[in-house]
Amino acid sequence: MRLFGPLHLSLLALTAALGVVLVQLCRRRPDWRRAVRLALGWILVVNELILWSFRYSHEGLHLWNLPFQLCDVTLWMSALGCLTLGAPIVEFAYFAGLAGAGMALLTPDLWSPWPTYPAIYFFIAHGGIVIAVCVLVFGGISPLRSGALRRAYLMLLGFAAAIGAVNAVAGTNFMYLCRKPKNASLLDSLGPWPMYLVAGAAVALVLFWLLSLPARKKRAGADFPPAPAA
């Protein structure tokens, strides 16, 4: 897939359009909110389970391919946010999911050509994260609470510390905490190890802050109609 070629731009436009349509639907029709969030949550879950079946049947189950990458976690948090409406879950999914999945959609690293299943999965999963968290937060289902940025960032640091311990024991490189990916990435501009970890944490904080601005404005407006059945 050519970066920002016709296919890539079409998939980005489709993701954005679906997100806008579902957000507006939930804002205008509170009685649809429960159905929309449950459908999004189960789509994410089923798509992920299908990938696990496909991937592990081809690769086998190994330490290096366990689902411990950040996008794996944000996907499950997005799904759980849709299914349970747990406020801390939604907060983490919103900030980490939009920052991580959003960047992945803009610069997709596909290990299989379009339209094979792994490539289709990539856009369903990452696009689904973006759509799900936007529907939850901007559709009036689970607006962010005060202090959400701080809590989500601390959860991200805590998860990174836990994964760092796994890497140290198992010799893995989840979240690229031990070394940079072989392919070109944003980490290449953040200096050598371990400095790129500190710089990456700073970049994440800036991204979280930027993502908090539209959510803060929406919370201040308080224009969501009540939805007891959300």
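This is a predicted model: local features need pLDDT of at least 70, side-chain atom pairs count only at pLDDT 80 or more; totals for chains, interfaces and linings use all residues.
Local features need pLDDT of at least 70, side-chain atom pairs count only at pLDDT 80 or more, and totals for chains, interfaces and linings use all residues. Residues are numbered from 1 along each chain as its sequence is written, and side-chain values use heavy atoms, without hydrogens and water.

**View 1. Helix 2 crosses helix 3.** The axes of helix 2 (residues 33-59) and helix 3 (residues 70-84) come within 7 Å and cross at roughly 145 degrees. Axes are lines fitted to C-alpha atoms over the stretch in contact, with angles from 0 to 180 degrees between N-to-C directions. Helices are DSSP runs (H or I, at least four residues), numbered from the N terminus. The crossing is left-handed (near helix turned anticlockwise from the far one by less than a right angle). Contact (heavy atoms within 4.5 Å) involves residues including L38, L49 and W52 of helix 2 and L75, W76 and L83 of helix 3.

**View 2. W52 and W76 form an aromatic pair.** Their centres lie 5.7 Å apart, with 50 degrees between the planes, a tilted arrangement. Rings of Phe, Tyr and Trp (its six-membered ring) pair if their centres lie within 6.5 Å; planes under 30 degrees apart count as stacked, over 60 as edge-to-face and the rest as tilted. W52 lies in helix 2 and W76 in helix 3, so the pair ties together parts 24 residues apart in sequence. The structure holds 10 aromatic pairs.

**View 3. Helix 5 gives the most to the lining of the second largest pocket.** Helix 5 (117-138) supplies six residues. Helix 1 (6-28) and helix 2 each supply at least two.
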